[in-house]
Amino acid sequence: MSSDKSTDSAEPGSPDGAAFDHHEAGATEITVDVAVEHFARDGFEGAKLEAIARDAGMSKRMIHYHFGDKKGLYQQAVAEALQRLHVPEETFQVDSAVPVEGIRVLVDAVFTQFTLHPQSLRLVVSENLVNVLQMDEQPPLIDETGLKLRLDRLLLMGQDAGAFRPGINADDLITLISALPFYRLTNKLQTHNLLGIDFDSEENLAGMHRLTVDTVLAFLTSNIPDTGQSSYLSPLESTTQAQTSLSVYADEDF
């Protein structure tokens, strides 16, 4: 976790040295963790620095010292939320040479990561809808190159073997895999009222997990005519140029 101030500059009148720096870093991490919860629950406008300071055990003065202002703390909270939703590469390393099983492992990894961090997901959804941060204030994007390369390799293997239909790439799958966890989070009340389904129950969490896996596999294996397109979605030109140097048939083994 990083703060707006260097950790080697202590507050005037405070103890100096590595022990204080370690304590200070831990305090800022706790504050950002608490901020994620408050901003996710109450939104940027509704969240109060006084409440965050109280729950984090840090004074408002020290919050301003470390983060500048409320927006600076919010920016750090969004960055932390995005990091929590990032799928660690070790969780989707696929030993199987069977494309269907490889895709299943990847879908499991993404779905599990999203459901483990509902407040982070809620904060990211809120920021996408409200846009508190301007473009130049957005946290650095999390590098998902590893996940995309793994998906594209599995797709090519499956398409070459005739198991998967053509015209689908990693961007399509990431969009589809993400959609159901996002829906589960943002439509709990509506689904409960209209369908009588409690998305928070363990039974329905497991059911939504199966639904996500089966939806992705059915999408890949369905007998839909080939449109000749390489993907359902078109990335920005700058993104396309950056990805042309990445080979899905790199030397890395499955």
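## Basis of the model

In this predicted model, local features need pLDDT of at least 70 and side-chain atom pairs count only at pLDDT 80 or more, while totals for chains, interfaces and linings use all residues. Residues are numbered from 1 along each chain as its sequence is written, and side-chain values use heavy atoms, with hydrogens and water left out.

## Overall fold

The protein chain contains 11 helices and zero strands (DSSP runs numbered from the N terminus: H or I of at least four residues for helices, E of at least two for strands). Of its 254 residues, 39% are buried (under 20% relative accessible area, with a 1.4 Å probe and protein chains only).

## The cavity

The structure holds one cavity of 30 Å³ or more (a set of points on a 1 Å grid over the protein atoms alone where a 1.4 Å probe fits but cannot get out). The largest cavity has about 50 Å³ of space, a volume being the space filled by probe spheres set on the points.

Its lining residues (an atom within 4 Å of a point) include Phe114, Leu121 and Arg184. Two or more lining residues come from each of α5 (99-116), α6 (118-130) and α8 (170-186), and α8 gives the most, with three.

## A surface patch

Ile224, Tyr232 and Leu233 make a nonpolar surface patch of about 290 Å² (nonpolar side chains joined within 5 Å, from residues with over 30% relative accessible area and no salt bridge). Leucine 233 lies in the loop between α10 (202-221) and α11 (237-243). Leucine 233 has a relative accessible area of 40%, and is therefore partly exposed (between 20% and 50%).

Technical notes: On a 1 Å grid over the protein atoms alone, a cavity is a set of points where a 1.4 Å probe fits but cannot get out, and a pocket is an open set with protein on both sides within 12 Å along at least five of seven lines; lining residues have an atom within 4 Å of a point. Patches are made of residues with over 30% relative accessible area and no salt bridge: like charges are joined within 9 Å, nonpolar side chains (Val, Leu, Ile, Met, Phe, Trp, Tyr) within 5 Å. Accessible areas come from the Shrake-Rupley method with a 1.4 Å probe; for residues, only the protein chains shown count as cover. A salt bridge is a side-chain nitrogen of Lys or Arg within 4 Å of a carboxyl oxygen of Asp or Glu.
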